[in-house]
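Hi,

Here is the structure I promised to pass on.

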Number of protein chains: 2
Amino acid sequence: MKVSVVRDILEANDRIARQNRELFTENGLFVINLMSSPGAGKTSLLEKTIDALHDDLRIGIIEGDIQSSQDAERIAKKGIPVVQINTGGACHLDGNMIRDTFEEFNFKEMDLLVVENVGNLVCPAEFRVGEDFKVMILSVTEGDDKPDKYPLMFHESKVLLINKIDLLPYVDCSVEKIRDDSLKINPDLTIFQVSCKTGEGLEGWYNWLKKEVEVREAGR
Amino acid sequence: MKVSVVRDILEANDRIARQNRELFTENGLFVINLMSSPGAGKTSLLEKTIDALHDDLRIGIIEGDIQSSQDAERIAKKGIPVVQINTGGACHLDGNMIRDTFEEFNFKEMDLLVVENVGNLVCPAEFRVGEDFKVMILSVTEGDDKPDKYPLMFHESKVLLINKIDLLPYVDCSVEKIRDDSLKINPDLTIFQVSCKTGEGLEGWYNWLKKEVEVREAGR
């Protein structure tokens, strides 16, 4: 009985996620669902990305946290539209929570919507919110055994950003092992090695985003 | 309806956790439920703790992971009893999973059982497994905003180990802010600042463990 309840919840969520997706597609909006462990650098990546691309792209952000509005406040300083969702205990965002933010945005005047999920390497991978792609961050401080131990998120993601490479001299972590093990799980994964602190390696990520937005604009 | 199903699951789990707890108490066994984000240093802490205390305490370990047995293999090298639980997708351990490991242990010949939970700063805090105390690790690389953003785990824990303090010169993290914000959520929290890499600060943690075990031995 427990299993069928879980399945019902996932199916109901998929239905809402599909409706969200249709609305995003109608508006030519590119949407990513950004996931990672707590503190891997999701909000820092968004701050850097907004600074680099706000002249080229009209960006909006949804911030998901169990509680607090610290992340939305950090983003709001950049002067772009942002909505904070507090899940009040729930360990991931779902389609319904995203739908509830729609009246706060004008999608016709946006190119890119980033949904920053709750910090959690497990549960967010199971729930669609209407995104084009899931994107994940893994920090080198978390260690190189994470693809083996949390395979679903690596499997579901289109892009993996390996972050905090400025700390590589001080931690026991092989980026090569992360790359190899991730690609075994998901051979189509696009991987960038970056430092959101120094900015190293972020150019490739910016170019990937711009290209994906252009594809959607062309189809609008 | 969803809410009542969730409540049923939590109540059923609490019942099993209480039964586990009774069995542990009968055997004078001290049991901790060790929780953190992925890669914060749970297994490294256990390796150090076993090296330091295996002459004084008879230790057993339960390793929880979604998949892989890497952690149990690391612990098995120390020559102490260890059982790996693979949750197969589930984001936390529960009382039932722990009960299923009992035939692998001889509790009469153990002083301390450590249950290493799935790496997740959210869900494990909601589920008892029969432990005396929950103990959590926060790595300084995760940032000092974590007590505000993930309060339940800080609220439920008896001990907070602030790990990877050897990396403090290279990250933007205030240990003082972590301490202050954690104690606001949970004034009874015992806090140790440690590096599982260099061993700094671990003496206090070892002494705390030995003292708690002594209390249970006295009541046996």
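Let's start with the sheet in chain A: 7 strands make an open sheet in the order E3-E2-E4-E1-E5-E6-E7, with parallel pairing. Its edge strands, each pairing on one side only, are E3 (82-86) and E7 (190-193) of chain A. Neighbouring strands in this sheet are turned by 20° against each other on average, direction ignored. Strand E2 (residues 59-65) of chain A runs parallel to E3(A), and 5 bridges join them.

On terms: strands (E, at least two residues) and helices (H or I, at least four) are DSSP runs numbered from the N terminus, and two strands pair if DSSP finds at least two bridges between them. The angles come from axes, lines fitted to C-alpha atoms (for helices over the stretch in contact), and run from 0 to 180 degrees between N-to-C directions.

Some housekeeping: this is a predicted model, where local features need pLDDT of at least 70 and side-chain atom pairs count only at pLDDT 80 or more, while totals for chains, interfaces and linings use all residues. Residues are numbered from 1 along each chain as its sequence is written, chains are lettered from A and ligands numbered from 1 in the order in which they are written, and side-chain values use heavy atoms, with hydrogens and water left out.

Next, the loop between helix H4 (95-99) and strand E4 (112-116) of chain A, where you'll find Glu104(A). Glu104(A) is exposed at 53% relative accessible area (exposed is over 50%, buried under 20%, partly exposed in between, with a 1.4 Å probe and protein chains only). Glu104(A) sits 7.3 Å from Val83(A), C-alpha to C-alpha, though they are 21 residues apart in sequence.

Now the aromatics. There are 17 aromatic pairs over all chains. Trp205(B) and Trp208(B) have ring centres 5.7 Å apart and planes at 10°, so they count as stacked (Phe, Tyr and Trp rings, the six-membered one for Trp, pair if their centres lie within 6.5 Å; planes under 30 degrees apart are stacked, over 60 edge-to-face, the rest tilted). Both lie in helix H8 (residues 202-218) of chain B, 3 residues apart, about one turn of the helix. Trp205(B) is buried at 2% relative accessible area, and Trp208(B) is buried too, at 11%. Over in chain A, Phe24(A), Phe102(A), Phe105(A) and Phe107(A) form one aromatic cluster.

That's it from me. Enjoy!
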